[in-house]
Structures are given as C-alpha cells and as structure tokens.
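Hi there,

Here is the structure I promised to pass on. Have a look at it first, and my notes follow below.

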Amino acid sequence: MADESIPPQRILLVTGLSGAGKTTALQVLEDLGWETIDNFPIRLLGGLLASEGGTVSDTPLAIGFDSRTRGFVPAEIIEMCKQFEAREDVEITALFIDCSSAELQRRYNETRRPHPMARGRPALDGIRAERELLEPLRRWADIVIDTTDYATNHLQQLVRERFAAHAEGNMTVTISSFGFARGMPPLADLLFDMRFLDNPHWVEGLREKTGLDRAVGDHISADPAFAPAFERIIELLHEVMPRYTAQGRSYLNIAFGCTGGRHRSVYSAERAAEALRKAGFSPTVIHRNLGSRPADPLERR
C-alpha cells in the first residue's frame with residue numbers, strides 16, 4: 001500500500017498530430033521544471049512504472065510520443081495506461097495537441113517538410129491518415145488543446161497556465177480577445193460576447209485600427225450600451241473570482257469575443273485587465289486575432 005504522506009508521481013503523456021505543437025508543449029514543460037522525454041517508446045512505460053511502492057520522484061515527468069514512435073498502437077497504449085488507474089503512487093494525465101487539417105497543411109507547405117505519414121503523397125493525405133490513427137487517443141485524452149488559431153506564444157502561455165506549479169491560493173488569470181468569425185477559443189472558463197456593441201469596422205478611418213488605438217476605444221466607450229454592460233461584467237468577475245480562488249483553482253481563462261477579434265473584444269479585454277489589476281489580480285492579456293486582416297462580416301455586428 002502506498003504511503004499516503006507521499007504525493008503520487010505526476011506523469012503527463014503528451015501526444016497529438018504532427019505539426020500541431022507537441023514539441024513546443026514539451027519545451028515549455030521543461031522550462032517549468034518538468035523532466036521531459038520525447039519520442040519515448042511507449043511500450044516501455046509499463047517497465048518504467050512496474051514497481052509499485054518504489055521511490056517516487058518529486059519531479060513531474062512529461063513523455064512525448066506520436067505516430068513516429070516505435071511500437072505506436074493507440075489501443076494498446078490506452079489499455080496499458082488504464083492498468084495504472086487504480087494505483088496510488090502514480091497519477092497519469094493525457095494531453096492531446098490537435099489542429100485543423102487545413103492549418104496543418106499550411107504549416108507543412110510553409111516549412112517544406114514532408115509529413116511523416118505522407119510517404120511521398122501530398123501532406124494532406126498524411127494528415128488525414130494520422131488523424132484517423134490518433135482519433136482513439138484524442139477521445140481518451142484528459143486535456144485537448146486545439147492550436148488551429150494559435151501562434152506559438154499562445155500555446156506556450158496555455159501550457160504554462162495549465163501545468164505550472166502555483167502556490168496554494170494563487171490563481172493565474174488570462175484575459176483573451178478573439179473573433180467569432182475565426183472560431184471559438186479552446187480554453188475559456190468565462191466568455192463574454194461583445195457583438196451587441198456598435199462595430200468600428202463600419203466606421204470610416206477605424207477599420208484598419210484596433211482596440212488598442214485610442215480612436216477605436218473612444219468609439220466603443222461612447223456606445224450607450226457599453227458602460228452599463230461592462231460594469232456588470234466587472235461586478236460579476238469581482239463576485240466569482242474570489243470563489244474560484246477559494247476552491248483552489250490555479251488558473252482562470254476569461255475571453256471577450258467580437259466578430260473579427262480586432263476592435264470590441266480587444267478594447268474590452270484591455271479594460272477588464274485594467275479593472276482586475278486594480279482589484280489585486282495580475283492577469284496576462286492575449287489578443288488572438290489582433291494580427292489578422294480586418295474581417296468582412298456578412299452582417300453589421
């Protein structure tokens with residue numbers, strides 16, 4: 001029987017589609033103090049964890065593997081890991097890094113690297129074959145991160161939030177802006193839709209600007225609907241965030257969305273970050289679509 005005073009060995013299995021960001025995730029984990037192994041022959045995991053009740057390392061271990069790994073059979077990996085679920089001396093979590101096929105194809109075209117499963121065929125053929133192979137692991141994974149709309153630094157931030165060791169009661173807060181036209185954010189605990197506000201996209205001289213520009217901010221704040229709605233949002237955050245902290249939550253993701261992710265959501269996210277800093281929090285701000293070209297919405301929202 002495991003000593004209840006000794007915390008279990010933390011093991012994170014990191015897998016996903018080639019080109020989706022597995023290597024980036026492992027690099028961040030290493031920076032956070034994790035011991036990392038990439039392209040580990042996953043069939044050897046059983047030998048690594050064979051002796052229950054043995055010495056438990058204080059250092060968490062992240063193991064990367066994918067379709068290139070020798071002996072890679074998803075069904076066998078899942079079955080093997082299930083055998084460890086009843087053990088008290090290890091804690092296994094599976095992270096799957098996903099990405100849309102179109103975005104993966106674009107990345108491979110840019111780097112001119114061959115897809116590991118393409119075998120002389122177009123990259124898209126390899127991507128489709130790998131997606132089908134990995135689907136059981138995606139369904140089984142505890143955490144799925146979709147990097148379709150994320151730059152490298154965004155993925156790095158998400159991994160830090162999820163896997164950094166925080167002191168008890170210290171919650172990391174991330175506020176992000178995004179455009180609904182470019183897809184929903186994969187990790188959002190609280191999401192606020194700001195499309196009810198007048199859209200600067202349709203105002204001459206503001207389309208090419210962003211919510212970081214004073215002229216756009218003045219336009220948004222002048223909308224009669226902004227002040228009362230935003231005040232209620234901040235009141236809600238002041239109400240619920242201490243409760244999240246009291247429950248031991250180590251990270252919280254707050255997202256503001258608009259149509260293109262360049263005007264209303266950006267301004268609202270910046271204003272919210274300013275308000276939370278005054279309340280004693282230290283939020284990180286990420287603008288997912290700030291660098292995207294101005295969207296051309298089909299409706300005036």
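Predicted model: local features only at pLDDT ≥ 70, side-chain atom pairs only at ≥ 80, totals over all residues.

K278 has a charged partner: E274 forms a salt bridge with K278, with the closest N and O atoms 3.8 Å apart. Both E274 and K278 belong to helix α9 (residues 264–278), where they sit four residues apart, about one turn of the helix. E274 has a relative accessible area of 41%, so this residue is partly exposed.

While you are looking at α9, R271 is placed in that helix too. R271 is partly exposed, its relative accessible area being 29%. Setting aside neighbours within four places in sequence, R271 is in contact with S221, F226 and F230. For R271 and F230, which are 41 residues apart along the chain, the C-alpha atoms are separated by 9.0 Å.

Back to the salt bridges.

One is in helix α4 (residues 101–111), which holds both R106 and E103, three residues apart, about one turn of the helix. The closest N and O atoms of the R106 and E103 salt bridge are 2.5 Å apart. E103 comes out at 13% relative accessibility and therefore counts as buried, whereas R106, at 36%, counts as partly exposed. The pair also belongs to a network of salt bridges that links E103, R106, R107 and E110.

The other joins the side chains of D38 and K22, with an N to O distance of 2.7 Å. This pair links distant parts of the chain: K22 is in helix α1 (residues 22–31), while D38 is in the loop between β2 (35–37) and α2 (45–48), and the two are 16 residues apart. K22 has a relative accessible area of 6%, so K22 is buried. D38, with 35%, is partly exposed.

Next, the helix pair. Two packed helices are described by the angle between their axes and the distance between the axes. For helix α3 (residues 74–82) and helix α5 (residues 123–140), the axes come within 8 Å and cross at roughly 25°. The cut-off for roughly parallel is under 35 degrees, so α3 is roughly parallel to α5.

Which residues meet there? From α3 they are P74, I77, I78, C81 and K82, and from α5 they are L133, P136, L137 and W140. Sorted by class, the contact of α3 with α5 has eight nonpolar residues, no polar ones and one charged one.

Finally, have a look at S67, in the loop between β3 (61–64) and α3. Is S67 buried or exposed? Its relative accessibility is 18%, and buried means under 20%, so S67 counts as buried. The side chains of S67 and E130 are joined by a polar contact of 2.7 Å. Not counting residues up to four places away in sequence, S67 touches S18, F72, M117, E130 and L133. One of these, L133, also takes part in the contact of α5 with α3.

I would be glad to hear what you make of it once you have had time to look around.

Best wishes

Technical notes: Residues numbered from 1 in each chain as written. Heavy atoms only, no water. Axes fitted to C-alpha atoms, helices over the stretch in contact; angles between N-to-C directions. Parallel < 35°, antiparallel > 145°, perpendicular 65-115°, else oblique. Contact = heavy atoms within 4.5 Å. Nonpolar A, V, L, I, M, F, W, Y, C, P; charged D, E, K, R; others polar. Buried < 20%, exposed > 50% of the residue type's maximum accessible area, 1.4 Å probe, protein only. Polar contact = N/O pair within 3.5 Å; in protein donor to acceptor, adjacent residues only side chain to side chain. Salt bridge = Lys/Arg side-chain N within 4 Å of Asp/Glu carboxyl O.
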